[in-house]
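Dear colleague,

Please find below the structure that I am handing over to you. My notes on it follow directly after.

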Amino acid sequence: MAALTKPKNLQDVAAPGRDGVGASPLRPDGILKVKGDFAYSSDLWHEDMLWGMALRSPHARARILSVDVSAALAQPGVYAVLTHEDIPGSKFYGLEIRDQPVLAIDEVRFHGEPIVIVAADHPETARRAIAKIVVEYDVLPSIGPVEALDPERYGYVHAPADYKAHAFGNIVHSQHIHHGDGDSAEVRALADVIVRGEYEVGMQDQAFLGPESGLAVPAEDGGIDLYIATQWLHVDRQQMCPVLGLPPEKVRLTLAGVGGAFGGREDISMQVHACLLAQHTGKPVKIVYNREESFFGHVHRHPATMVFEHGATRDGRLVFVKAEIVLDGGAYASTSPAVVGNAASLGIGPYVIPHAAVDATAVYTNNPPCGAMRGFGAVQMCFGYETQMDRLAAELGLDPVELRRMNAMEQGSVLPTGQVVDAPAPVAELLRRVKEMPLPEVENWRTADGPDVRELPGGLSNTTHGEGVVRGIGYAVGIKNVGFSEGFDDYSTARVRLEVIGGAPVALVHTAMAEVGQGGITVHAQIVRTELGVDQVTMAPADTRVGSAGSTSASRQTYMTGGAVKQAAEAVRAVVLARGRDRYGWAPAFAAGLRLAGGKALTAAGEVVADLVDLLGDEPVDETTEFRHRPTEAFDKVTGQGFGHVQYTFCAHRAVVDVDVELGLVKVIELAAAQDVGKAINPLAVVGQIHGGSTQGLGLAVMEEIIVRDGKVRNPSFTDYLIPTILDTPPMPVDVLELADAHAPYGLRGAGEAPTLSSTPAIVAAIRAATGLPLNRVPVRPEHLTGT
Amino acid sequence: MEFLRPATWEEALAVKAQHPSAVPIAGGTDVMVDLNFDRHRPDALLDLNRIHELHTWQIADDDTVRLGASVPYSKIIDALPDRLPGLALGARTVGSPQIRNRGSVGGNLGGASPAGDAHPPLLASGATVEAASVRGTRLIPIDDFYLGVKRNALEPDELIRAIHIPSATGPQQFAKVGTRNAMVIAVCSFAVALHPRARDVRTGIGSAAPTPRRASEAEAFIRAELDDTGLWTSAGELPLSTAKRFGELVARAAAPIDDVRGSAAYRRHALAVMARRTLLWTWNDHRATGRAAA
Ligand SMILES: Cc1cc2nc3c(=O)[nH]c(=O)nc-3n(C[C@H](O)[C@H](O)[C@H](O)COP(=O)(O)OP(=O)(O)OC[C@H]3O[C@@H](n4cnc5c(N)ncnc54)[C@H](O)[C@@H]3O)c2cc1C
């Protein structure tokens, strides 16, 4: 049926509009960041503001005998010196378990735990005041992951009456998974070969470049406005309100410029401290950590010890797997329970194994607290199971890629949790693709003028001209969940407004999503352009005036807040098209069949039936919706069975390395990846995520580790915590697959974490191939390669 | 904190005599890190950046390079790789482009960190430090300059004006182990210089003892070996076994510790490998140039 009234001035729409879904518009923050013009949270400024600073424990475990702040208080320019006694509300916070004191109470449990906070008129004044605080400690022997398992002998990190720790000793959380007949004697008898290995993953840091920082401004209504770099505004607020003794409407958060996160901003750091000081002094308070404090101020990736046994038939069919995993959770729980859930449920990798027995446990220790980091429990496991696959292949005399492909899961496979994979799972295909990519040139460092040291291990440090250099190639593949799992009510809120401004339709998107560098705001604009057919999309600052967007973690934001934006835009479109019924007399069914593109309303056949500006008229359309992914359920405590994860994501890597086997120096020559992303909403950003994740995995493979001895952090600086430079970063060809997941918006699949998993084991496999060494620990150090 | 900015060298010496505790600042790549990390709160900074001559170099009649204390590494790499090949190789491994644009050999010597990358090549080429004060000028042989961890032979009123480095008369090499391919502090490093006219071989070890030091026994061994076998004259092939022995002696000259950057055992091992390789590179270069000249 045709429109009754033909609107004026219609031109046909050739293109559906620029920079929609599937295009690669550039991110607005990119050039600013490269040029140093981007305003980070550390650049915040307020007239009359004070500077906050914390006194931190130099000990991993000690009783606090006394705290004398009198000299600090007496110092001119000091406005407040607060201990836990000055906290108006609850003294504890925590993401999953409220076990972490805002300021230490009578004892410290990790090196760097904050004890006293100071506000002063200048950072230097604050620093001097901190130096004048006298704390008397009774230092106790620290409890590490081994001691933690024997609390009778070594004691408790948390006194047995505290929190929920008392019921389980030092165990934060554990998860067992029993699949098929586990690793029973009968099952073991079915295996022709059994390979057993013990593996270790060191403590990796997120090493985001913008340190923790924010500005708390006391408001006239007795509330507080906090401008903050974080991953999840609403959950920060949820943890802060009880401490500050304020209702949520009086604690208002606005996202400030975030310099990376990678999980390290999921827990709060200086948020409460700044607000407490602002509350106390009635003045704005800014806190900026320096690099060293940053290493103490956020959680790290859990170090893991893993014991795996894989059984297989002679022809390479996996029969059973048994895995025992202990994760060092550090002094406080943070997200340890969810990390354990991931480690257990994803712990056997993307393989079909009829029988499995997996045990994952996180323990409290006096080491730095560990929590969220890109890959969240799946990274550690991937190093374990992929090393096992290589060893099994060697044992069976099979090609390692072939062994993986033979046992690869696919759509319809049953996971050890009993969950049936109901979306594409192209594990074998990804492996095939990385394997078939052309290999980089051998001895690429040879030139007519002699060796080009930049292409050799050691680089410009000039340690070899080819001597001792051996090439190796390794493969790995991994599986990661997307979104929050285990029955968590995971949702995102989005508000989309459409109105005519200056004669053109303009959309506004308002969400609380933390843009931490993932490119979410770019994607939101693309989605709105596609759904509403407009060119101009404005982003409102992310804040708590709109509902929660959930965390920028778990590879979930494009799926979840992207999904919410899509849903809100659809709601806006429905209202807009309904206006055509009044204006042009469209029948409801006709209006519902229209789409918006290029500033026009079109029929399915592409006929232009109205101009969007006319349809809208003077009245804006403003819709807010909540988007949820389909529900998941908790894993059964005893068997680990349950529909625990909403979506899976896969990436495969091939690493090519040159190793100077005499000096133990490694140069990654190439790191090729293939990943399925369902639908690349912004292909450039997807490749960027894969490059970034792969590089972070490279860091874990060969250099990144926070070294902790007896609970003390030994290298809290970028001098000694090394992350890859551009000279360590190889060419990274990427092959992106787009096999739609019917359950997800546009069929997309979260992309941010999967590449972080398989990069590490692929590189270590390549180093093994070059050296013949077992290498059961990452990061691999020159000492491991040279036996020194 | 006072910020003193002398315009001339003489003024700088006078200021330093008046304020012996004033900390000189050249490129600032060590000084500013110390200030920012609150490791050091000097009562005064003595800024040397207005003194132009410190950024220049001259070549003396005997071919010695008189390198101004503040000449940045990037200049050494660009302008002096032929005269000072060992130092230029060391300079290439310092930090990042930004650091090489600011950091200087004078600053490296002022800090006297055992990990400084200028030290091994200076030891291997037999440099001399020109130190001055209102009391006069001293020429300190590099062998006497390093006294302990981050301690050097300067008196409180002295400043480094220049470093005198003989132009290379034979091949020089520098190698440094770090756990990434750029921007890394040396786990250990090694420099070797052949001095064919003097029939001498000199070395420098970095980051493997409380101070940078030479491997004297290794030097004596290779000197004797080259003399006894007539290799200086014949320019024949250096036996691998000789190079290996040299490496072992270099490793033995070190007194490394275990720390977060590496184990003592690894440092010794790596020194042996680097010494063996770099000796062979220099010797093979020497032979090749000898043949080319012949
Ligand atoms: C990111 C980074 C990476 C680095 N990487 C390396 C590296 O790879 N290798 C390496 O060796 N170093 C490295 N450094 C350290 C530093 O760059 C070097 O030591 C450099 O040589 C210092 O030179 P400068 O001119 O900046 O010295 P400054 O910082 O100005 O001074 C250093 C010291 O020397 C003193 N001083 C300076 N000039 C004089 C003078 N004329 N007379 C007497 N005393 C003087 C100062 O008082 C101070 O004690 C790095 C530093 C940074 C920040």
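**A buried threonine and the chain interface**

Thr632(A) counts as buried, because its relative accessibility is 10% and the cut-off for buried is under 20%. Please bear in mind that this is a predicted model.

Thr632(A) is found in the loop that runs between strand S27 (621-628) and strand S28 (647-660) of chain A. Its side chain has a polar atom 2.7 Å from the backbone nitrogen of Gly487(A), and a polar atom of that side chain also lies 3.4 Å from the backbone nitrogen of Glu486(A). Leaving aside residues up to four places away in sequence, the residues that Thr632(A) touches include Phe484(A), Ser485(A) and Phe488(A), as well as Phe643(A), Gly644(A), His645(A) and Val646(A).

I turn now to the interface between the two chains. Chain A contributes 38 residues to the contact and chain B contributes 32 residues. About 3100 Å² of area is buried between chain A and chain B, with 51% of this coming from carbon and sulfur atoms.

Six salt bridges are found across the interface of chain A and chain B. One of the salt bridges joins the side chains of Arg127(A) and Asp38(B), at 4.0 Å from N to O. The interface of chain A and chain B also has 19 residue pairs in polar contact, both residues being at pLDDT 80 or more. On the side of chain A that touches chain B, at least two residues each come from helix H3 (123-131), strand S29 (665-676) and helix H21 (782-786). That side of chain A comprises 14 nonpolar, 12 polar and 12 charged residues.

With kind regards

Terms used: Residues are numbered from 1 along each chain as its sequence is written. Chains are lettered from A and ligands numbered from 1 in the order in which they are written. This is a predicted model: local features need pLDDT of at least 70, side-chain atom pairs count only at pLDDT 80 or more; totals for chains, interfaces and linings use all residues. Side-chain values use heavy atoms; hydrogens and water are left out. Contact means heavy atoms within 4.5 Å. Buried area is the accessible area (1.4 Å probe) that two parts lose on being put together, summed over both. A polar contact is a pair of N or O atoms within 3.5 Å; within protein, one must be able to donate a hydrogen and the other to accept it, and residues adjacent in sequence count only if both atoms are side-chain atoms. Helices (H or I, at least four residues) and strands (E, at least two) are DSSP runs, numbered from the N terminus. Ala, Val, Leu, Ile, Met, Phe, Trp, Tyr, Cys and Pro count as nonpolar, Asp, Glu, Lys and Arg as charged, and the others, Gly among them, as polar. Buried means under 20% relative accessible area, exposed over 50%, partly exposed in between (1.4 Å probe, protein chains only).
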